[in-house]
Amino acid sequence: MIIESSQLTPDYASRERLMERILDIGELMLQSGAEINRVEDTLHRLSRAYGAVPDVYVIVFSIVITLRFPDGQTGPAPASITQTRRVSDQDGIDFIKLDELNDLSRRCCRRPLPLEELEAEISRIRDDRVRLWRLSLGNAVGAFSFSVFFGGSALDGLAAALFSFLIILLQKSLGRYSTNRILYTMIVSAIVGTGIGLLCRAVPFFSRPMIMIGDIMLLNPGITMINAVREMMVGNTISGEIRFIESFTWALALAAGFMLAIHLTA
(Lines give C-alpha, C1' and ligand atoms only; values in the text may rest on other atoms or scores of the structure.)
Protein backbone atom coordinates (compact mmCIF):
# COMPACT_ATOMS: atom_id res chain seq x y z
CA MET A 1 0.00 0.00 0.00
CA ILE A 2 1.40 3.40 -1.01
CA ILE A 3 0.04 6.48 0.71
CA GLU A 4 0.48 10.14 0.01
CA SER A 5 3.50 11.49 1.85
CA SER A 6 1.51 14.50 2.99
CA GLN A 7 -0.65 12.21 5.14
CA LEU A 8 2.23 11.12 7.34
CA THR A 9 5.19 13.40 6.56
CA PRO A 10 3.85 16.89 5.87
CA ASP A 11 6.86 18.89 7.06
CA TYR A 12 10.64 18.79 7.15
CA ALA A 13 10.83 17.63 10.79
CA SER A 14 8.48 14.69 10.15
CA ARG A 15 10.37 13.70 7.04
CA GLU A 16 13.66 13.78 8.92
CA ARG A 17 12.12 11.55 11.59
CA LEU A 18 10.94 9.16 8.89
CA MET A 19 14.43 9.10 7.36
CA GLU A 20 15.99 8.39 10.76
CA ARG A 21 13.60 5.50 11.44
CA ILE A 22 14.22 3.94 8.03
CA LEU A 23 17.97 4.21 8.66
CA ASP A 24 17.45 2.63 12.11
CA ILE A 25 15.80 -0.39 10.50
CA GLY A 26 18.60 -0.73 7.95
CA GLU A 27 21.24 -0.40 10.65
CA LEU A 28 19.62 -3.06 12.84
CA MET A 29 19.36 -5.40 9.87
CA LEU A 30 23.05 -5.01 9.02
CA GLN A 31 24.02 -5.47 12.67
CA SER A 32 21.97 -8.67 12.76
CA GLY A 33 23.71 -10.15 9.72
CA ALA A 34 21.24 -9.40 6.90
CA GLU A 35 22.39 -9.59 3.29
CA ILE A 36 22.91 -6.33 1.40
CA ASN A 37 20.13 -7.14 -1.09
CA ARG A 38 17.67 -7.76 1.72
CA VAL A 39 18.51 -4.46 3.42
CA GLU A 40 18.22 -2.45 0.20
CA ASP A 41 14.94 -4.10 -0.75
CA THR A 42 13.44 -3.50 2.70
CA LEU A 43 14.43 0.18 2.73
CA HIS A 44 13.02 0.64 -0.78
CA ARG A 45 9.67 -0.89 0.18
CA LEU A 46 9.40 1.07 3.43
CA SER A 47 10.19 4.36 1.72
CA ARG A 48 7.59 3.80 -0.99
CA ALA A 49 4.99 2.79 1.60
CA TYR A 50 5.42 6.21 3.22
CA GLY A 51 5.04 8.04 -0.08
CA ALA A 52 8.68 8.67 -0.95
CA VAL A 53 10.72 7.73 -4.01
CA PRO A 54 13.93 6.20 -2.60
CA ASP A 55 17.50 5.92 -3.80
CA VAL A 56 19.34 3.50 -1.52
CA TYR A 57 22.97 2.37 -1.49
CA VAL A 58 24.18 -0.05 1.17
CA ILE A 59 27.58 -1.59 1.82
CA VAL A 60 28.78 -3.49 4.86
CA PHE A 61 29.46 -0.52 7.13
CA SER A 62 27.47 2.31 5.53
CA ILE A 63 23.98 3.24 4.35
CA VAL A 64 23.31 6.15 2.00
CA ILE A 65 19.69 6.99 1.26
CA THR A 66 17.86 9.78 -0.55
CA LEU A 67 14.10 10.21 -0.23
CA ARG A 68 12.30 12.33 -2.82
CA PHE A 69 8.80 13.53 -1.99
CA PRO A 70 6.42 14.41 -4.83
CA ASP A 71 4.90 17.41 -3.02
CA GLY A 72 8.24 18.91 -1.99
CA GLN A 73 8.24 21.47 -4.77
CA THR A 74 4.97 23.07 -3.63
CA GLY A 75 4.89 22.38 0.09
CA PRO A 76 7.03 23.71 2.95
CA ALA A 77 9.26 20.64 3.01
CA PRO A 78 12.17 20.09 0.60
CA ALA A 79 11.80 17.90 -2.49
CA SER A 80 14.44 15.44 -1.22
CA ILE A 81 16.41 14.52 1.89
CA THR A 82 19.72 12.66 1.90
CA GLN A 83 21.43 11.06 4.89
CA THR A 84 24.37 8.74 5.45
CA ARG A 85 24.86 6.46 8.43
CA ARG A 86 28.00 4.64 9.52
CA VAL A 87 27.05 1.19 10.83
CA SER A 88 29.24 -0.26 13.55
CA ASP A 89 28.99 -2.85 16.33
CA GLN A 90 28.06 -5.73 14.03
CA ASP A 91 27.99 -8.43 16.68
CA GLY A 92 26.91 -11.36 14.54
CA ILE A 93 23.87 -13.23 13.29
CA ASP A 94 20.54 -12.68 15.07
CA PHE A 95 17.75 -14.43 13.17
CA ILE A 96 15.14 -13.55 15.79
CA LYS A 97 15.79 -9.85 15.36
CA LEU A 98 15.84 -10.20 11.56
CA ASP A 99 12.46 -11.94 11.68
CA GLU A 100 11.00 -9.16 13.83
CA LEU A 101 12.35 -6.47 11.50
CA ASN A 102 10.98 -8.31 8.48
CA ASP A 103 7.57 -8.57 10.14
CA LEU A 104 7.63 -4.86 11.00
CA SER A 105 8.49 -3.87 7.43
CA ARG A 106 5.70 -6.05 6.02
CA ARG A 107 3.17 -4.50 8.39
CA CYS A 108 4.30 -1.03 7.39
CA CYS A 109 3.99 -1.89 3.71
CA ARG A 110 0.43 -3.16 4.25
CA ARG A 111 -0.59 -0.25 6.47
CA PRO A 112 2.04 2.39 7.27
CA LEU A 113 2.33 2.99 11.00
CA PRO A 114 2.32 6.49 12.51
CA LEU A 115 5.86 7.63 13.25
CA GLU A 116 5.39 7.40 17.02
CA GLU A 117 4.27 3.77 16.76
CA LEU A 118 7.07 2.98 14.31
CA GLU A 119 9.64 4.47 16.70
CA ALA A 120 8.24 2.41 19.59
CA GLU A 121 8.45 -0.81 17.56
CA ILE A 122 12.04 -0.11 16.51
CA SER A 123 13.05 0.63 20.13
CA ARG A 124 11.44 -2.60 21.29
CA ILE A 125 13.30 -4.66 18.68
CA ARG A 126 16.61 -2.88 19.38
CA ASP A 127 16.35 -3.49 23.13
CA ASP A 128 15.26 -7.11 22.75
CA ARG A 129 18.08 -9.36 23.89
CA VAL A 130 18.40 -13.13 23.98
CA ARG A 131 18.17 -14.27 27.58
CA LEU A 132 21.56 -15.21 29.00
CA TRP A 133 20.44 -18.69 30.04
CA ARG A 134 19.18 -19.43 26.54
CA LEU A 135 22.43 -18.21 24.98
CA SER A 136 24.48 -20.25 27.45
CA LEU A 137 22.38 -23.37 26.91
CA GLY A 138 22.59 -23.03 23.13
CA ASN A 139 26.38 -22.64 23.24
CA ALA A 140 26.75 -25.60 25.59
CA VAL A 141 24.60 -27.88 23.41
CA GLY A 142 26.47 -26.74 20.30
CA ALA A 143 29.91 -27.29 21.82
CA PHE A 144 28.94 -30.72 23.17
CA SER A 145 27.42 -31.79 19.85
CA PHE A 146 30.33 -30.68 17.69
CA SER A 147 32.88 -32.28 20.00
CA VAL A 148 31.08 -35.64 19.93
CA PHE A 149 30.31 -35.38 16.19
CA PHE A 150 33.99 -35.02 15.32
CA GLY A 151 34.96 -38.09 17.34
CA GLY A 152 35.24 -36.98 20.94
CA SER A 153 33.84 -38.87 23.92
CA ALA A 154 30.87 -37.74 26.00
CA LEU A 155 33.35 -36.46 28.62
CA ASP A 156 35.12 -34.41 25.95
CA GLY A 157 31.74 -33.01 24.95
CA LEU A 158 30.94 -32.09 28.55
CA ALA A 159 34.32 -30.35 28.88
CA ALA A 160 33.68 -28.43 25.66
CA ALA A 161 30.26 -27.42 27.00
CA LEU A 162 31.91 -26.23 30.22
CA PHE A 163 34.37 -24.04 28.32
CA SER A 164 31.49 -22.63 26.25
CA PHE A 165 30.39 -20.88 29.44
CA LEU A 166 33.86 -19.30 29.63
CA ILE A 167 33.38 -18.05 26.07
CA ILE A 168 30.08 -16.42 27.09
CA LEU A 169 31.77 -14.84 30.12
CA LEU A 170 34.60 -13.44 27.98
CA GLN A 171 32.16 -12.15 25.36
CA LYS A 172 30.15 -10.32 28.00
CA SER A 173 33.19 -8.92 29.84
CA LEU A 174 35.74 -8.22 27.09
CA GLY A 175 33.32 -7.62 24.23
CA ARG A 176 32.04 -4.32 25.60
CA TYR A 177 35.58 -2.88 25.68
CA SER A 178 36.83 -4.26 22.36
CA THR A 179 36.68 -2.20 19.18
CA ASN A 180 38.81 -4.63 17.16
CA ARG A 181 37.04 -7.94 16.49
CA ILE A 182 40.23 -9.57 15.19
CA LEU A 183 42.26 -8.85 18.32
CA TYR A 184 39.29 -9.71 20.52
CA THR A 185 38.84 -13.09 18.81
CA MET A 186 42.54 -13.89 19.21
CA ILE A 187 42.46 -13.05 22.93
CA VAL A 188 39.30 -15.08 23.59
CA SER A 189 40.58 -18.11 21.68
CA ALA A 190 43.96 -17.93 23.43
CA ILE A 191 42.35 -17.81 26.88
CA VAL A 192 39.91 -20.64 26.13
CA GLY A 193 42.63 -22.73 24.45
CA THR A 194 44.98 -22.25 27.41
CA GLY A 195 42.24 -23.35 29.80
CA ILE A 196 41.60 -26.48 27.74
CA GLY A 197 45.32 -27.23 27.55
CA LEU A 198 45.74 -26.93 31.33
CA LEU A 199 42.72 -29.18 31.92
CA CYS A 200 44.10 -31.84 29.58
CA ARG A 201 47.50 -31.73 31.27
CA ALA A 202 45.87 -32.18 34.68
CA VAL A 203 43.44 -34.88 33.51
CA PRO A 204 45.16 -36.86 30.73
CA PHE A 205 42.13 -38.93 29.60
CA PHE A 206 40.56 -35.78 28.07
CA SER A 207 41.28 -35.23 24.37
CA ARG A 208 42.48 -31.69 23.80
CA PRO A 209 41.78 -31.63 20.03
CA MET A 210 38.20 -32.89 20.52
CA ILE A 211 37.45 -30.33 23.23
CA MET A 212 39.00 -27.52 21.23
CA ILE A 213 37.10 -28.33 18.07
CA GLY A 214 33.80 -28.14 19.93
CA ASP A 215 34.58 -24.61 21.12
CA ILE A 216 36.23 -23.48 17.88
CA MET A 217 32.93 -24.13 16.10
CA LEU A 218 31.26 -21.57 18.38
CA LEU A 219 33.71 -18.86 17.32
CA ASN A 220 34.34 -19.57 13.65
CA PRO A 221 32.91 -17.09 11.08
CA GLY A 222 31.34 -19.70 8.82
CA ILE A 223 28.02 -17.94 8.18
CA THR A 224 29.79 -14.64 7.59
CA MET A 225 32.04 -16.22 4.97
CA ILE A 226 29.08 -17.90 3.24
CA ASN A 227 27.26 -14.56 3.14
CA ALA A 228 30.38 -12.96 1.65
CA VAL A 229 30.46 -15.47 -1.21
CA ARG A 230 26.74 -14.99 -1.76
CA GLU A 231 27.16 -11.20 -1.92
CA MET A 232 29.80 -11.55 -4.64
CA MET A 233 27.68 -14.01 -6.62
CA VAL A 234 24.66 -11.66 -6.73
CA GLY A 235 26.78 -8.68 -7.82
CA ASN A 236 27.53 -6.86 -4.55
CA THR A 237 31.25 -7.24 -5.16
CA ILE A 238 32.55 -4.57 -2.79
CA SER A 239 30.47 -5.74 0.18
CA GLY A 240 31.26 -9.37 -0.58
CA GLU A 241 35.00 -8.75 -0.73
CA ILE A 242 34.92 -6.74 2.51
CA ARG A 243 32.98 -9.49 4.30
CA PHE A 244 35.26 -12.20 2.89
CA ILE A 245 38.47 -10.44 3.93
CA GLU A 246 37.02 -9.75 7.37
CA SER A 247 35.85 -13.33 7.93
CA PHE A 248 39.12 -14.78 6.59
CA THR A 249 41.17 -12.55 8.91
CA TRP A 250 38.81 -13.44 11.73
CA ALA A 251 39.46 -17.15 11.08
CA LEU A 252 43.23 -16.54 11.06
CA ALA A 253 42.98 -14.75 14.42
CA LEU A 254 40.97 -17.66 15.81
CA ALA A 255 43.57 -20.15 14.64
CA ALA A 256 46.43 -18.00 15.94
CA GLY A 257 44.88 -17.79 19.40
CA PHE A 258 44.46 -21.55 19.74
CA MET A 259 47.93 -22.20 18.28
CA LEU A 260 49.40 -19.88 20.89
CA ALA A 261 47.52 -21.71 23.61
CA ILE A 262 48.78 -25.07 22.33
CA HIS A 263 52.35 -23.75 22.35
CA LEU A 264 52.01 -22.42 25.89
CA THR A 265 50.50 -25.61 27.32
CA ALA A 266 52.39 -28.23 25.29
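The structure, a predicted model, holds zero disulfides. A disulfide is a covalent bond between the sulfur atoms of two cysteines. For C108, the closest cysteine sulfur belongs to C109 and lies 7.0 Å away, which is too far for a bond, because a disulfide requires the two sulfur atoms to be within 2.5 Å. C108 has a relative accessibility of 0% and therefore counts as buried. Another cysteine, C200, has a relative accessible area of 12%; this value also places C200 in the buried class, because the cut-off for that class is under 20%.

C108 also takes part in a contact between two helices. Two packed helices are described by the angle between their axes and the distance between the axes. The helices here are α4, residues 95-110, and α5, residues 115-127; their axes come within 10 Å and cross at roughly 170°. The two helices are therefore roughly antiparallel, because angles over 145 degrees are classed in this way. On the α4 side, the contact is made by K97, E100, L101, L104, R107 and C108. The α5 side contributes L118, E121, I122, R124, I125 and R126. Sorted by class, the contact of α4 with α5 has six nonpolar and six charged residues, with no polar ones.

A further buried position is found in a loop. V60 lies between strands β1 (53-59) and β2 (62-68). With a relative accessible area of 1%, V60 is buried. V60 and G240 are 180 residues apart in sequence, while their C-alpha atoms are 8.4 Å apart in space.

Conventions
Residues numbered from 1 in each chain as written. Predicted model: local features only at pLDDT ≥ 70, side-chain atom pairs only at ≥ 80, totals over all residues. Heavy atoms only, no water. Helix = DSSP H or I, 4+ residues; strand = E, 2+ residues; numbered from the N terminus. Buried < 20%, exposed > 50% of the residue type's maximum accessible area, 1.4 Å probe, protein only. Axes fitted to C-alpha atoms, helices over the stretch in contact; angles between N-to-C directions. Parallel < 35°, antiparallel > 145°, perpendicular 65-115°, else oblique. Contact = heavy atoms within 4.5 Å. Nonpolar A, V, L, I, M, F, W, Y, C, P; charged D, E, K, R; others polar.
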